Amino acid sequence: MTDFNLDRFAVIADVHGNADALAAVLADVDGLGIGSIFNLGDHVSGPLAPAEALALTMGRAGMISVRGNHDRWVVAGGANMYPSDRIAREDLSQAQLEWLAALPATRRVGDVFLCHGTPRDDLEYWLETVTPEGHVVFRGLPEIARAAVGVDAGLALCAHTHLPRRVDLPDGRVILNPGSVGCPAYEDVEPYPHVVQTGTPLATYAVVERRGTAWATSVRQVPYDPARMAEAARAAGREGWARAVSTGWLRGAPGAPAAR
Ligand SMILES: [Fe+2]
């Protein structure tokens, strides 16, 4: 960790077992000459290539990771697992499960704080909120700032919503969500049924550079061929996953149900 470059690094998250998207992002990071990566979790879950994707992550030097809610559920196992967590758990080796189990929920490295959802809850959306009608909207300053209480780092990294977004708090702290490497659209039922869809299948991540006391951030969206991942999803009977990785849409895409 001592050679982690805190002045210029990549931030990735929500790989969700998409090995081909992750490989494309890692190649893009290499092409930028960046050797240090923060990874905000949800490494696995889903029918794509969980063991293969996690092997890429575990074998990558210069990467510092936390765990996501799905990683937590995959490790926990049990009879009531979601199908996407079960298929990942069954694909992973014992060593991979142990690696996931050892990940912390949050982490502080220099002036950077890492979490998956918010500092206190890996299921909470930090920068967005869901309305009772199912719209995913910008959360607004009071609630975003409330969730940042106690975070004494200048830059806080979060994930979980798969939506890239940066927020600058009035006190100068920055909160950054890099978007999702491998899962550009999903559905959830909590706290209200909703759909998140980025509208692009590209593998998304962020690059951060320290500029004095400020942070320069950029979101990068990397093309790759999702065909192999879509085929894996179809082979598992998960047409929604296939549509998501192929198009970035769950609803409104060709062959998909109309948007609600
Ligand atoms: Fe998540």
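A residue counts as buried if 20 or more other C-beta atoms lie within 10 Å of its own. Histidine 162 has 25 other C-beta atoms within 10 Å, so histidine 162 is buried. The model is predicted.

- Histidine 162 has a positive phi, near 65°, although the residue is not glycine.
- Histidine 162 sits in the loop that links strand E8 (155–157) with strand E9 (165–168).
- Aspartate 14 is another residue other than glycine with a positive phi, here near 50°.
- The loop between strand E1 (8–12) and helix H1 (19–31) holds aspartate 14.
- Aspartate 14 counts as buried because 30 C-beta neighbours fall inside 10 Å.

**A cis peptide bond**

- The bond from glutamate 190 to proline 191 is cis, and its omega is near -5°.
- Proline 191 lies in the loop between strand E11 (185–188) and strand E12 (194–197).

- Strand E13 (residues 203–211) and strand E14 (residues 214–222) run antiparallel.
- The two strands are joined by 9 bridges.
- Within this pairing, valine 207 stands opposite serine 218 of E14.
- The hairpin has 2 residues between its strands.
- Glycine 212, in this hairpin, takes a positive phi near 65°.

Notes. Residues numbered from 1 in each chain as written. Predicted model: local features only at pLDDT ≥ 70, side-chain atom pairs only at ≥ 80, totals over all residues. Helix = DSSP H or I, 4+ residues; strand = E, 2+ residues; numbered from the N terminus. Buried ≥ 20, exposed ≤ 12 C-beta atoms within 10 Å, placed from the backbone. Pairing = 2+ DSSP bridges.
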